[in-house]
Amino acid sequence: MISNQQIAEDLLAHFGENVKNFEEPYGLLTFTTNRQNIINLLVYLNKHETFRFRFLTDICGIHFPDNKGEEFGVVYHLHSLENNVRIRIKVYIPADDIHIPTATTLYATANWLERETYDFFGIIFDGHPNLKRILNIEEMDYFPMRKEYPLEDATRQDKIDALFGR
C-alpha cells in the first residue's frame, strides 16, 4: 500500500516547484500545479509503475472572484484502483485567460467532465474534440455557476426582511 507521503515525495522529486501546497484534508492528498504542467503530471501519474492513477473520477470548476490572478480553478480527482488511493489536483487560472489543456487524450471520461465544466463555468479546454454545452441550452449567454450575479432579486417588493430574520 502506498502512502500520501510517498506520492508527495515522488512528485516533488520529479516536478519540483511545479507542484506545491500539499495538504491532506480528511486523508485526501491535495496539491496544486499550473496549467503548463497539468497534462505532464496526469500522464506521469497514469503511467507510473507503482501509482497507476488510471481512473479520472471527476473534473470540476471553481470560481473565486476575489482571488486576483487565480479567479478560476479546475480540480481533478484521480483514483488508483489497484492501490485504493485517491488524490486531488488543483489548477488555478486567471479570469482574463481561462484556457487549460484537455485531458481527453489520456482519459476518455474527461470528455463529458470537461464539457460540463465548460457549460457551468466557461472554462475552455484547449484541444477538446467537442467543447459545447452539455446540460444547458446552447442559447445561454452566461455561465450559471460563476459568482457574477446577485443571490436575490433586489427589485422584489413582496419580501419583508423581518420575516426572514434580517
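## About the model

This is a predicted model, in which local features need pLDDT of at least 70, side-chain atom pairs count only at pLDDT 80 or more, and totals for chains, interfaces and linings use all residues. Residues are numbered from 1 along each chain as its sequence is written, and side-chain values use heavy atoms, with hydrogens and water left out.

Helices (H or I, at least four residues) and strands (E, at least two) are DSSP runs, numbered from the N terminus.

## The sheet

Let's start with the strands. An open sheet of 5 strands has the order β1-β2-β5-β4-β3, with mixed pairing; two strands pair if DSSP finds at least two bridges between them. β1 (20-23) and β3 (55-63) are at the edges with a single partner strand each, so one side of each has no neighbour in the sheet.

β1 pairs with β2 (residues 29-33) in the antiparallel sense over 2 bridges, and K20 stands opposite T32 in β2. β4 is antiparallel to β3 over 8 bridges, while 9 bridges join β4 to β5, also antiparallel. G73 of β4 stands opposite I62 and has Y92 as its bridge partner in β5. The hairpin of β4 and β5 has 4 residues between the strands, and N84 there takes a positive phi near 55°.

## The core

The largest nonpolar core has 36 residues. Such a core is a set of buried Ala, Val, Leu, Ile, Met, Phe, Trp, Tyr and Cys residues joined through side-chain atoms within 4.5 Å; buried means under 20% relative accessible area, exposed over 50%, partly exposed in between (1.4 Å probe, protein chains only). Among the residues with the most contacts inside this core are Y76 and L78.

In β4, 8 of the 9 residues are buried. Beyond its neighbours within four places in sequence, L78 is in contact (heavy atoms within 4.5 Å) with residues including L42, L45, F53, I87 and Y107.

## Back to α3

Now a second look at the helix we began with. Because 9 of its 12 residues are buried, α3 is largely enclosed by the rest of the structure. Those buried residues include L113, Y118, F120 and F121, and they pack against β3, β4, β6 (99-101) and β7 (124-126). G122 follows α3, with a positive phi near 80°.
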